[in-house]
Amino acid sequence: MITITQTAQKYFAHLIGQQDEEGLALRIAVNHAGTPNASCDLQFCPAGQSQADDRVVELEGFRLYVARPSEAWLEKADIDLIVSDMRMPE
């Protein structure tokens, strides 16, 4: 199953906490899986908006819903956060 590093988990938990919405989670799905147009979709998921067949993953500070049809495509996926001191020019 998908792996999310501790750094990324803390960042996602922080983002969710800033939204001030009870029960807010994240949901991940692969669109156009197995094609050259494949993309990964990670979005906020308000309470009650997950799909009935989503797999629920409890993480540090939040819940992640994984779209059931996407599970095989995300089996060895890693999500990490790389912190950089570089800033975009103003």
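This is a predicted model: local features need pLDDT of at least 70, side-chain atom pairs count only at pLDDT 80 or more; totals for chains, interfaces and linings use all residues.

Val 83 counts as exposed because its relative accessibility, 67%, is over the 50% that marks an exposed residue.

The protein chain contains two helices and six strands, and read from the N terminus the elements follow the order β-α-β-β-β-β-α-β. The C-alpha trace spans about 40 × 35 × 25 Å along its principal axes. Of the 90 residues in the chain, 27% are buried. Among contacts between residues at least 6 apart in sequence, 56% join residues at least 24 apart.

**The sheet**

Four strands make up an open sheet with mixed pairing, arranged in the order S3-S2-S5-S4. Because S3 and S4 stand at the edges with a single partner strand each, one side of each of them has no neighbour in the sheet. From one strand to the next, the twist averages 25 degrees.

| Strand pair | Sense | Bridges |
|---|---|---|
| S2 and S3 | antiparallel | seven |
| S2 and S5 | parallel | three |
| S4 and S5 | antiparallel | five |

Individual residue pairs can be picked out along these strands. Asn 31 stands opposite Ser 39 in S3, while Leu 26 has Leu 64 in S5 as its bridge partner, and Glu 58 has Arg 63 in S5 as its own. S4 and S5 also form a hairpin in which two residues lie between the strands, and Gly 61 in that turn has a positive phi of about 90 degrees. S5 is mostly covered, with four of its five residues buried.

Helix H1 takes in residues 6-18, and its 13 residues reach 18 Å from the first C-alpha to the last, close to the 18 Å expected at 1.5 Å a residue. Ala 8, Gln 9, Phe 12 and Ile 16 are buried in this helix. Seen down the axis of H1, the buried residues fall within an arc of 100 degrees, so they line one face of the helix. On the other side of H1, Lys 10, Gly 17 and Gln 18 are exposed. After the helix comes Asp 20, which has a positive phi near 55 degrees.

H1 lies across S2, S3, S4 and S5, and runs at about 105 degrees to S5. The cover over its buried residues includes S1 (3-4) and S6 (78-79) as well as S2 (25-31), S3 (39-45), S4 (55-59) and S5 (62-66).

Gln 9 has its place in helix H1, and it counts as buried because its relative accessible area is 7%, under the 20% limit. Beyond its neighbours within four places in sequence, Gln 9 is in contact with Ile 4, Leu 59, Glu 60 and Phe 62.

In soluble globular proteins, nonpolar side chains tend to be buried together. In this model the largest nonpolar core has 15 residues, and those with the most contacts inside it are Phe 12, Ile 28, Leu 64 and Ile 79. H1, S2 and S5 each supply at least two residues of this core.

Which residues does Ile 79 contact, leaving aside its neighbours within four places in sequence? Ile 79 is in contact with Ile 2, Thr 3, Ile 4, Thr 5, Ala 8, Phe 12 and Ile 28.

Asp 78 is also part of the picture around S6, the strand in which it is found. Asp 78 counts as exposed because its relative accessibility is 61%, over the 50% limit. Although 74 residues separate Asp 78 from Ile 4 along the chain, their C-alpha atoms are 5.8 Å apart.

How values were computed: Residues are numbered from 1 along each chain as its sequence is written. Side-chain values use heavy atoms; hydrogens and water are left out. The expected span of a helix is 1.5 Å times one less than its number of residues. Buried means under 20% relative accessible area, exposed over 50%, partly exposed in between (1.4 Å probe, protein chains only). The arc is that of the directions from the helix axis to the C-beta atoms. Contact means heavy atoms within 4.5 Å. Two strands pair if DSSP finds at least two bridges between them. Axes are lines fitted to C-alpha atoms, for helices over the stretch in contact, and angles run from 0 to 180 degrees between N-to-C directions. A nonpolar core is a set of buried Ala, Val, Leu, Ile, Met, Phe, Trp, Tyr and Cys residues joined through side-chain atoms within 4.5 Å.
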